[in-house]
Amino acid sequence: MKKKLGRGTALILLSALCLFLSGCTGLRLGTVEDLYCLPSLPSEYQDLEASITALIEEGAEYAAPSSGSNIQPVQLVDLDGDGQEEALAFMRKPTEEKPLKIYIFSAESGSYQQSAVIEGSGSAIFSVVYSDLNGDGRTELVVGWKTASEMQALSIYTLENGQPEEILRTTYVKYVLTDLDSDGLNELVTFRADTEGMGLADMYIWQDGTMTLKSSSKISVTMAELSNLGRVVTGAVQGGIPALFVVGVVDSSTEITDILISRNGELNNIVLSNITGASTEVARFLSLYPMDINGDKITEVPVPVLLAGSDEAQSYYRIEWFGYDASGASTRVQSTYHNVDDGWYLVLPESWRDQVLVRREVGPEETTVTFFFRNGAEFQEFMKISAITGDSREIKAVRGGRFILSRRAETIYSAELLAANNSWTLGITEDQLRGAFSLITAEWLAGDN
């Protein structure tokens, strides 16, 4: 009878397995090494350990995926949907014609035995993603193989009959698995260069037992511009319609955004100009990417606008966030001031547009942004927000008229409303400021697939 392991238990056992396979395979009383050895593994994992050790003795070595979210050398995944996780070992046999190996071990009668192997060519296993692409309860393997060129090779394998069958092989620079047509199944969208070197997005769907190219759409950036600082963001346009926001960065200073949706089963770039053949969404790049800035479940695109009073020495911007409908028409939904360097942003009241400028001053343990409002031909300071570090930060954060907005491990964010705030008709209260202030959450990126 098969036994299902909980995800937490499986991860603990996987960690234990990796330690055992690295040489800590027994208890030796009275040595320092004893402190780092784990108790004996359950019998089914001892069989798995023995099988992998035998492969290593035959000349195999670990070759864990180098990118993506699944980067362990041994991974536990329920591939056939029976409630029992299979074990996958990612390895390399350098002397063989196809040196890259993904060994699949199935649990039968209380022990793991090798049931299949996937072989590939190239310099490394770049990534692996698991997804049920046809809704039959079985999991397909999407494998990126690192090749000698700038592009990776992408293969998709199905295990419908217990043995891996390659149902797609193509080249790509980036790819995304997402449900663009809201049918409950993921489509595959890959990004590559066309014959003229420009960007192209290809959408594949499951059809007749394989992954079939359904449609393609031009994008406005090259693969170099997409690969360097660019990003593909999964989100939605108005009406909750799934969309891909494809951001390319040109010369580290300009971002170009394409927005892809599935319309009548066809991939469509809704911001591509019929006149220029390129995206209409071009803005200065300030290390900001599309996101749901206001919590309405619609993805907004950031557009920096230069604030009055900026000069050649230092430029300051407010960020206008635009949401889109399925036709590509945009609507401004919010304005913010983003202080990326200090890790915070402020939602700006609508009444402040074109009325406020900022100045940022950097000190050894305190960085302060001062806000000014327009008073005739002059600007008058009315508010300060500071990021304070150092041993005295608790004292400094509440000194004078300051009050605390938020905290991080070694930083306190503090604010002060100056005298001019009280006399300004558009002034802000402490509670309003706290409600408008947010920390920039550092997005954890596992790496490209």
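This report walks through the sheets, cores and salt bridges of one predicted protein model.

## The model at a glance

The model is predicted: local features need pLDDT of at least 70, side-chain atom pairs count only at pLDDT 80 or more, and totals for chains, interfaces and linings use all residues. Residues are numbered from 1 along each chain as its sequence is written, and side-chain values use heavy atoms, with hydrogens and water left out.

The protein chain holds six helices and 28 strands. Both are DSSP runs, numbered from the N terminus: helices are H or I with at least four residues, and strands are E with at least two. Of the 449 residues in the chain, 47% are buried. Buried means under 20% relative accessible area, exposed means over 50%, and partly exposed lies in between (1.4 Å probe, protein chains only).

The accessible surface of the chain is about 21500 Å². Carbon and sulfur atoms account for 48% of that surface. Such areas come from the Shrake-Rupley method with a 1.4 Å probe; for residues, only the protein chains shown count as cover. Now take contacts between residues at least 6 apart in sequence: 45% of them join residues at least 24 apart. Contact means heavy atoms within 4.5 Å.

Strands of a sheet pair through backbone hydrogen bonds, either parallel or antiparallel. Two strands pair if DSSP finds at least two bridges between them.

Strand E7 (residues 140-146) and strand E8 (residues 152-158) are joined by six bridges. Lys146 has Gln152 in E8 as its bridge partner.

## A five-stranded sheet

Another open sheet has five strands, ordered E19-E20-E21-E22-E28, again with antiparallel pairing. Its edge strands are E19 (301-306) and E28 (437-439), and each pairs on one side only. The twist averages 35° from one strand to the next.

Strand E20 (residues 317-324) runs antiparallel to strand E21 (residues 330-339), and six bridges join them. Trp321 stands opposite Gln334 in E21.

## Nonpolar cores

In soluble globular proteins, nonpolar side chains tend to be buried together. A nonpolar core is a set of buried Ala, Val, Leu, Ile, Met, Phe, Trp, Tyr and Cys residues joined through side-chain atoms within 4.5 Å. The largest core in this model has 26 residues. Which residues have the most contacts inside it? They are Leu346, Phe371 and Ile385. Several elements supply at least two core residues each, including strand E22 (344-347), strand E24 (366-375) and helix H6 (430-436). Strand E25 gives the largest share, four residues.

Leave aside the neighbours of Phe371 within four places in sequence. Phe371 still contacts Tyr337, Trp344, Leu346 and Ile385, among others. A second, separate core has 18 residues, among them Ile102, Ile104, Ile118 and Leu141.

## Salt bridges

Side chains of opposite charge can pair when their charged atoms come close. A salt bridge is a side-chain nitrogen of Lys or Arg within 4 Å of a carboxyl oxygen of Asp or Glu. The whole structure has 20 of them. Glu96 and Lys101 form one, at 2.6 Å from N to O.

Arg332 pairs with Glu320, with 3.7 Å between the closest N and O atoms. Arg332 is in strand E21 and Glu320 in strand E20, so the pair ties together parts 12 residues apart in sequence. Arg332 is partly exposed at 27%, and Glu320 is buried at 2%. Both belong to one network of salt bridges with shared partners, which also includes Arg318, Glu350, Arg353 and Asp354.

Definitions and conventions: Axes are lines fitted to C-alpha atoms, for helices over the stretch in contact, and angles run from 0 to 180 degrees between N-to-C directions.
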